Amino acid sequence: GRCFILKKSNQLLSGLLVIEDFPKVYAMFSGRKQGKFASSSEIYLLWAIIKKYAQENFQEFDLLGAMVPSIAKIKLELGGKLVRSDKIYYFRSSVHRILFHFLVSRRQKRRLL
């Protein structure tokens, strides 16, 4: 893993912990300092990291904030696709598994209409 930070005048504005596993990149933790000068620092840091890893031929980025419009815009502008990744691999009973798959298929049918 690597830790990336963004500083301005020796003041830490934001940071991001990245786990690398070629061809995937995972962001495990990010944060930013509150204040008017640091409001977009986290978005800029994500942009710089995505660009850096894209130049190193990494292909999958599981970073933070895909539902935040400004971060999603950065990901799309750099040639990425937003893909849902919330999956459940274990069910306590077969009834829960069947209900879950029924609800998922029902939602997918609504999106297609």
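This is a predicted model: local features need pLDDT of at least 70, side-chain atom pairs count only at pLDDT 80 or more; totals for chains, interfaces and linings use all residues.
Trainee: Is Leu17 buried, exposed or partly exposed?

Mentor: Leu17 lies in strand S2. Its relative accessibility is 34%. Buried means under 20% and exposed means over 50%, so Leu17 counts as partly exposed.

Trainee: In which sense do S1 and S2 pair, parallel or antiparallel?

Mentor: Strand S1 covers residues 2-8, and Arg2 stands opposite Val18 in S2. S1 and S2 are joined over 7 bridges, and the sense is antiparallel.

Trainee: Which residue in the turn between S1 and S2 has a positive phi?

Mentor: The two strands form a hairpin, with 2 residues between them. In that turn, a phi of about 55 degrees belongs to Ser9.

Trainee: How are the rings of Phe22 and Phe58 arranged, stacked or edge-to-face?

Mentor: The model has 4 aromatic pairs. For Phe22 and Phe58, the ring centres are 5.0 Å apart and the planes stand at 75 degrees. An angle over 60 degrees counts as edge-to-face, so the pair of Phe22 and Phe58 is edge-to-face.

Trainee: How many residues apart are Phe22 and Phe58?

Mentor: Phe22 is in the loop between strand S2 (11-21) and strand S3 (24-32). Phe58 is in the loop between helix H1 (41-55) and strand S4 (60-62). The pair links distant parts of the chain, and the separation is 36 residues.

Trainee: What is the angle between the planes of Tyr53 and Phe58?

Mentor: Both Tyr53 and Phe58 are buried. Their rings form an edge-to-face pair with 4.9 Å from centre to centre, and the angle between the planes is 80 degrees.

Trainee: Which residues do the ring pairs link into a cluster?

Mentor: Phe58 pairs with Phe22, and Tyr53 pairs with Phe58. The cluster linked by ring pairs consists of Phe4, Phe22, Tyr53 and Phe58.

Trainee: Which residue lies over the face of Tyr53?

Mentor: Tyr53 is one of the residues in the ring cluster. At 4.5 Å from the centre of its ring, over the face, lies Lys52.

Notes
Residues are numbered from 1 along each chain as its sequence is written. Side-chain values use heavy atoms; hydrogens and water are left out. Rings of Phe, Tyr and Trp (its six-membered ring) pair if their centres lie within 6.5 Å; planes under 30 degrees apart count as stacked, over 60 as edge-to-face and the rest as tilted. Helices (H or I, at least four residues) and strands (E, at least two) are DSSP runs, numbered from the N terminus. Buried means under 20% relative accessible area, exposed over 50%, partly exposed in between (1.4 Å probe, protein chains only). A charge sits over a ring if NZ of Lys or CZ of Arg is within 6 Å of the ring centre and within 35 degrees of the ring normal. Two strands pair if DSSP finds at least two bridges between them.
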